[in-house]
Amino acid sequence: MMSEIHTLNAMVTAVNAELTDPQRNQIIHGSQGSAARFHLYHAGLSICSQKVRAVLAEKQLAHTSHELVILNSRGIYSEELTPAENYSPNYVRLRMLAGKELGLQFATKHTGRSSVESEGFDACVVPTLVDLENNKIIVDSMRICDYLDAEFPGPMQLIPSDQVLQKQVMEQVSIIDRFPQPALLYGFHPDDDQRPDFIQHVMSDVYDLKIEALDALIEANSGERELVDAYRSKISKEKAGKVLAHDVDSQYAVRKEAQEAIYTLDKQLAVYANPWICGDTFTLADLVWAINLYRTQWLGLASLWKDLPRVQQYAMRLYHRPSIWNAVITFPSPMPASPHTADIESPQIET
């Protein structure tokens with residue numbers, strides 16, 4: 001056990017040594033300079049990271065926040081490619097250790113979703129949570145949210161103890177886990193591409209840069225078989241993603257799927273006629289719907305619920321939730337402005 005703790009501490013130290021920007025690596029909900037139990041590796045724009053940040057905000061849990069740069073980029077004055085920080089060998093090794101413990105296979109396909117259940121295990125993404133007290137690494141956003149709620153059921157429990165209510169909540173969480181958000185973010189819709197200009201520009205060569213960076217990392221780490229396998233599987237996944245992003249039929253299909261999910265949400269809201277989707281208590285179902293609806297609107301697709309007043313009102317209640325407003329909507333970076341969310345009024349909450 002002591003050797004395992006030593007190994008985890010050494011791995012975390014190695015990852016953190018590469019993350020030197022103080023603005024992106026700091027204690028949240030705790031005192032700067034203190035030792036936090038949790039280390040969260042995440043990104044501002046990552047929808048899976050947003051779910052975890054919102055849970056941490058709901059529970060006001062102290063953690064060391066490591067905001068990673070997840071876009072590969074070229075220098076302004078040179079053609080040198082800078083790999084995304086979530087491709088770093090030390091970070092990937094950390095995630096692979098957790099993947100092994102869960103018995104997860106590497107992802108090699110892309111269906112336009114982010115669920116581990118449908119895509120498989122990607123060793124090169126965020127978020128990742130390290131719990132130094134329990135000597136654990138958790139690598140899937142839904143598993144992280146479940147883990148944090150079980151460890152800290154107070155001051156509010158996001159996954160109810162009541163079995164009937166718990167089943168209802170997790171059914172909604174499962175719907176969001178399967179929602180094709182990555183396909184909407186990366187996809188070039190043939191006749192209705194409403195994504196912010198920044199996103200359309202970045203996505204124009206995002207897959208090519210990913211593959212180029214991964215190829216270089218394979219060459220640099222050719223002697224480490226497991227690391228090379230992780231990078232190769234990532235390349236296979238990203239090649240599949242590139243095809244999906246530009247496939248006309250796929251883009252129509254994911255838009256239809258998103259629309260059907262919103263209609264189902266409207267019906268669910270009609271069943272309970274309460275402030276929240278599973279009754280009168282805010283749960284994990286509401287938290288993930290909040291993030292999903294905001295991302296969808298941010299991408300210019302609030303038209304999916306333009307004729308559904310229940311969904312419109314529900315979305316605004318969710319946006320004004322302090323955890324959502326602070327950990328998602330107004331999170332400092334790198335969530336670029338979108339003309340589609342500019343008119344959302346600020347709630348009267350402490351920031």
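**Fold, peptide geometry and ring pairs of a predicted chain**

Pro155 is located in the loop between H5 and helix H6 (163-178). Helices (H or I, at least four residues) and strands (E, at least two) are DSSP runs, and they are numbered from the N terminus. The model is a predicted one, in which local features need pLDDT of at least 70 and side-chain atom pairs count only at pLDDT 80 or more, whereas totals for chains, interfaces and linings use all residues. Residue numbers start from 1 along each chain as its sequence is written, and side-chain values use heavy atoms, with hydrogens and water left out.

Pro155 is joined to Gly154 by a cis peptide bond, with omega of about 0 degrees. Another cis peptide bond runs from Val126 to Pro127, where omega is near 5 degrees. Pro127 belongs to the loop between H4 and E6.

The chain as a whole contains 14 helices and seven strands. A compact globule of 351 residues would have a radius of gyration near 20 Å, and the value for the chain, 20 Å, agrees with this. The radius is taken over C-alpha atoms, and the globule rule is 2.2 Å times the number of residues to the power 0.38. The C-alpha trace spans about 60 × 50 × 35 Å along the principal axes of the chain. Contacts (heavy atoms within 4.5 Å) were sorted by their separation in sequence. Among contacts with a separation of 6 or more, 73% involve residues 24 or more positions apart.

Burial was assigned from relative accessible area: buried means under 20%, exposed over 50%, and partly exposed in between (1.4 Å probe, protein chains only). Of the 351 residues of the chain, 54% count as buried. Side chains with charge number 31 positive and 45 negative, and the centres of the two sets lie 3 Å apart. In this count Lys and Arg are positive and Asp and Glu negative, while His and the chain ends are not counted. The place of each charge is taken as NZ of Lys, CZ of Arg, CG of Asp or CD of Glu.

Individual positions illustrate the burial classes. Ser141 is part of helix H5 (residues 141-151) and, at 2% relative accessibility, is buried. Apart from neighbours within four places in sequence, Ser141 is in contact with Cys48, Lys51, Val52 and Pro127. Ser46, in the loop between strand E2 (38-42) and H2, is likewise buried, at 10% relative accessibility. When residues up to four places away in sequence are not counted, Ser46 touches Ile70, Val126 and Arg295. The C-alpha atom of Ser46 is separated by 13 Å from that of Ala84, which is 38 residues away along the chain. Asp249, by contrast, lies in helix H11 (residues 248-272) and is exposed, with 61% relative accessibility. A separation of 27 Å holds between the C-alpha atoms of Asp249 and Leu71, 178 residues apart along the chain.

Positive phi values occur at residues other than glycine. For Gln60 phi is near 50 degrees, and this residue sits in the loop between helix H2 (47-59) and strand E3 (63-67). For Asn135 phi is near 55 degrees. Asn135 occupies the loop between E6 and strand E7 (136-138) and is buried, with a relative accessible area of 16%.

Rings of Phe, Tyr and Trp (its six-membered ring) were paired if their centres lie within 6.5 Å; planes under 30 degrees apart count as stacked, over 60 as edge-to-face and the rest as tilted. Phe106 lies in the loop between helix H3 (89-102) and helix H4 (116-119), and Phe121 in the loop between H4 and strand E6 (128-131), so the pair ties together parts that are 15 residues apart in sequence. Phe106 is partly exposed, with a relative accessible area of 29%, whereas Phe121 is buried at 2%. The pair of Trp276 and Phe282 is edge-to-face, because the ring centres are 5.2 Å apart and the planes stand at 85 degrees. Both partners are buried: Trp276 has 13% relative accessibility, and Phe282 has 3%.
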